[in-house]
Amino acid sequence: MENDDKLKAFFKEHAQPLRREVWFSRRVMNRLPGETRRKIRIIEMTVWFISLIVHLGVLILIVAIVITLASRIIEVFMYLSIAPIPMATMMDSGEWASIGKNWIKQLLALSFQGFFIVVALGIFKTLFSNAIVALNASTDGVILQMGLLLGYTAALIFTILRTGAISKSVFNAR
C-alpha cells in the first residue's frame with residue numbers, strides 16, 4: 001500500500017507536465033526510478049506473453065471448430081448421396097423397412113445437429129460478451145479474464161463436438 005502511494009505521488013509529481021502523453025510512454029517511463037521501471041517492464045512482458053498464449057489457443061480452437069463444422073457438412077452430403085437406397089427399402093412392409101426408417105432418423109439427427117450448434121454458439125456468444133465486458137471494466141484480474149475466455153473457447157469446441165450425441169439421443173437414432 002505504501003509503495004502504491006509512493007508510485008502515485010511520483011506520477012503526480014513527474015508526469016503532471018506530460019498530461020497529453022500516454023502514461024506508460026517512453027518519455028514517462030524514462031523518468032521512473034530504475035527498479036520501478038524494471039518491475040513495470042516485467043509486468044508488461046508477463047501480460048504480453050499470457051495474451052500471446054491465449055491468442056494462439058483461441059486460434060487453434062477456432063481452427064478445430066471450423067474443421068468440425070466442415071466435417072458435419074460433408075457428412076450431410078454423404079448421407080444425402082445415398083438417399084435412393086434407404087428410400088427404396090421403405091417400400092417394403094417387412095424387416096427391410098427399418099433400414100429406411102433408421103436412415104431418416106439419422107438424417108434428421110444430423111440435420112438438427114446444425115440447430116444445436118447454432119444454439120451453442122448463441123449461448124457462448126452471450127458468455128463471451130459478458131466476459132469481454134468484465135475484462136474491459138476491470139483493471140485487475142486481466143489474466144484471469146483472458147484465461148476464462150480461453151476456457152470458454154475450449155468448452156465451445158467440446159460442446160460442438162457433443163452436439164452429434166445430443167441430436168442422436170433426441171431422435172433415437174443408432
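Mentor: A nonpolar core is a set of buried Ala, Val, Leu, Ile, Met, Phe, Trp, Tyr and Cys residues joined through side-chain atoms within 4.5 Å. Please keep in mind that the model before us is a predicted one.

Trainee: Which residues make up the largest nonpolar core?

Mentor: In soluble globular proteins, nonpolar side chains tend to be buried together. Here the largest such core has 11 residues in all: Leu61, Ile65, Ile117, Phe124, Phe128, Ala131, Leu135, Leu149, Leu156, Ile157 and Ile160. The elements that give two or more residues to this core are α3, α5 and α6. The largest share, 5 residues, comes from α5. Apart from this core lies another, of 5 residues, including Tyr79, Trp103, Leu107 and Leu110.

Trainee: With what is Leu135 in contact, leaving aside its neighbours within four places in sequence?

Mentor: Leu135 then touches Val142, Gln145 and Leu149.

Trainee: How should the length of helix α6 be read?

Mentor: One compares the expected span with the distance between the end C-alpha atoms. Helix α6 covers residues 142–171, and at 1.5 Å a residue its 30 residues should span 44 Å; the end C-alpha atoms are 43 Å apart, which agrees. After α6 comes Asn172, with a positive phi near 55 degrees. For α3, with 48 residues, the reach from first C-alpha to last is 70 Å, close to the 70 Å expected.

Trainee: Which residues of α6 are buried, and what covers them?

Mentor: The buried residues of α6 are Gln145, Met146, Leu149, Thr153, Leu156, Ile157, Ile160, Thr163, Gly164 and Ser167. Their cover includes α3 (34–81) and α5 (97–137). Leaving aside its neighbours within four places in sequence, Gln113 is in contact with Arg72, Thr163, Gly164 and Ser167.

Trainee: How many salt bridges does the structure hold, and which side chains meet there?

Mentor: Side chains of opposite charge can pair when their charged atoms come close. The structure holds 1 salt bridge, in which the side chains of Arg72 and Glu75 meet at 3.9 Å, N to O. Both residues lie in helix α3, 3 residues apart, about one turn of the helix.

Trainee: Is Arg72 buried or exposed?

Mentor: Arg72 is buried, because its relative accessible area is 18% and the cut-off for burial is under 20%. Glu75, at 26% relative accessibility, counts as partly exposed. Other buried residues of α3 include Ile40, Val54, Gly57, Leu61, Ile65, Thr68 and Tyr79.

Trainee: How many aromatic pairs does a search of the whole structure find?

Mentor: A pair of aromatic rings is described by the distance of the centres and the angle of the planes. The search of the whole structure finds 4 aromatic pairs. In one of them, the rings of Phe112 and Phe115 have centres 6.1 Å apart and planes at 75 degrees, so the pair is edge-to-face. Phe112 and Phe115 both lie in helix α5, 3 residues apart, about one turn of the helix. Phe112 is partly exposed at 35% relative accessibility, and Phe115 is partly exposed with a relative accessible area of 47%.

Terms used: Residues are numbered from 1 along each chain as its sequence is written. This is a predicted model: local features need pLDDT of at least 70, side-chain atom pairs count only at pLDDT 80 or more; totals for chains, interfaces and linings use all residues. Side-chain values use heavy atoms; hydrogens and water are left out. Helices (H or I, at least four residues) and strands (E, at least two) are DSSP runs, numbered from the N terminus. The expected span of a helix is 1.5 Å times one less than its number of residues. Buried means under 20% relative accessible area, exposed over 50%, partly exposed in between (1.4 Å probe, protein chains only). Contact means heavy atoms within 4.5 Å. Rings of Phe, Tyr and Trp (its six-membered ring) pair if their centres lie within 6.5 Å; planes under 30 degrees apart count as stacked, over 60 as edge-to-face and the rest as tilted. A salt bridge is a side-chain nitrogen of Lys or Arg within 4 Å of a carboxyl oxygen of Asp or Glu.
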